[in-house]
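The following report considers how charged side chains pair in the structure shown here.

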Amino acid sequence: MARSYYIFQSGRLRRKGNTLYLEGADSARPSGNEEVDGAVVESADAKEMVLQDGEGSSPADALEHETRGESESMEYEDEDSFAQVSPTDSPQRRIIPIEDVAEIFLFGEITLNTKLLNFFAQKAIPVHVFNYYGFYSGSYYPRETNVSGHLLVKQVEHYTDMAKRLRIAREFARGAYHHLHRNLLYYRNRGKALEDAVCALEQEGEEIERADSIAALMGAEGRMREVYYRAFNEILNLETPFLKRVKRPPDNLINALISFGNSLLYAAVLSQIYRTPLNPTISYLHEPGTRRFSLALDIAEIFKPMIVDKMIFALINRQMIGDDDLIPEVGFAALKERARKVVVQEFEGRLQTTVKHRRLGRHVSYRGFIRLECYKLVRHLLGIEPYQALRAWW
Amino acid sequence: MYVVLVYDVEQERVGKVCQFLRRYLHWVQNSAFEGELSEAQLERVKLGLKGLIDEERDSIYLYILRDARWMRKEVIGRIKGDTESVI
């Protein structure tokens, strides 16, 4: 199974030898090598790399390299041993097996060219870009390989017909409600005083069933979140109370974590949609706008509480992240790189958690559940089976 | 499945083999690669290698684990190539 790669390092990402090379521009990463090593690598081209390895390997090896150094004509062999020598020996260079890449998240300052983008398109790898402060900037969404005109027509049909649209949108809202409610119950059963919050949430949950327009549905959804965010104060061990959700930009640690986590999830959902014939711009609960992949927002709504929010509770309560993880100079809350890495590690770990699926009879990861959600939507659109949002049962 | 692959290939072919493997697996040290592969990818790797090596003289060993979870990996000394996906 191909994995997701998160690149925090700055440097150059390039296609070479039909795979990916990440070449660091800065030597920010502490080098485990001797200084001599580093010096050689600075001026590195193939031949010098050979020399560099000579120092670490057997005398026989060194001898080989010496002979090669003498005869310039043996260019071909030179390249061979270069390959054996393992360029990853240098701290600035990392080779990523292209067949192991499902998607890439770029956080660092990366230089790349169209040759690489063509390569990504060929391998159908979406790339998500985050800016200096860790805010989502956009995605490189390669040419669709799984296209279905028939499904697109159905998708639009279900959008334009208000009754059909409301049906799908309501199911998304129900899915979101289920997981919000589940999180609160989880902490109530662990002795947090959340009785009022659970009641209030349940009331709003009933609103979902009553809503007769998308606006009413979105309103119910918004109030649900408001109740839920207020409960954060009870769930989290905070010094300063969490007042309300503030975005663009976030104003405190919790808001920064929610924003960052949601944007990671949003990108991860988009990558899953990319693997299905669904068109990511036609959405049902959110209004399909221009310039954004709003279907990813719809589907992410179901998974936010179970992936992102649970992750935040863990990060804060286990004190993996604290107030000193915010960049101090900026006027809003932005996470330091260290904190971002911690979040990403935790996030990826959660997406890889597996649960035995009752109907499929096999273990499915959370990321797999996102994909299944897309497939269920496809089945609904094609009239095979009515869509039922995921309701975590475990 | 998780695959650990080690090869002993004559010098004239070693570069080709190494370059080919880099597309599928993580380089961990000289002549050793490891990583997660699907059944289909494993077949592709094996087929590709058969085309590159001289089966009379070279040898490639594959250690195949059903799941990386059952693997215990220990390293003594320097970690030369890591397989992390957060870089």
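In this predicted model, the side chains of B:Glu43 and B:Lys46 meet in a salt bridge, with a nitrogen-to-oxygen distance of 3.5 Å. Both residues belong to helix α2 of chain B, which spans residues 39-52, and they are three residues apart, about one turn of the helix. B:Glu43 counts as partly exposed at 43% relative accessibility, and B:Lys46 likewise counts as partly exposed, at 29%.

In chain A, salt bridges that share partners join A:Glu221, A:Arg225, A:Glu301, A:Lys304 and A:Asp309 into one network. Over all chains, the structure holds 33 salt bridges.

Another of these pairs lies within a helix: A:Arg230 and A:Glu226 meet through their side chains at 3.9 Å, N to O, and both are found in helix α9 of chain A (residues 214-235), four residues apart, about one turn of the helix.

A further salt bridge, at 3.0 Å from N to O, is formed by the side chains of A:Glu99 and A:Lys123. Because A:Glu99 sits in the loop between β4 (93-96) and β5 (101-106) of chain A, while A:Lys123 sits in the loop between α5 (114-122) and β7 (127-130) of chain A, this pair ties together parts that are 24 residues apart in sequence. A:Glu99 counts as buried, since its relative accessibility of 16% falls under the 20% cut-off, whereas A:Lys123 is partly exposed, with a relative accessible area of 30%.

| Salt bridge | N to O distance |
|---|---|
| B:Glu43 and B:Lys46 | 3.5 Å |
| A:Arg230 and A:Glu226 | 3.9 Å |
| A:Glu99 and A:Lys123 | 3.0 Å |

Key. Residues numbered from 1 in each chain as written. Chains lettered and ligands numbered in written order. Predicted model: local features only at pLDDT ≥ 70, side-chain atom pairs only at ≥ 80, totals over all residues. Heavy atoms only, no water. Salt bridge = Lys/Arg side-chain N within 4 Å of Asp/Glu carboxyl O. Helix = DSSP H or I, 4+ residues; strand = E, 2+ residues; numbered from the N terminus. Buried < 20%, exposed > 50% of the residue type's maximum accessible area, 1.4 Å probe, protein only.
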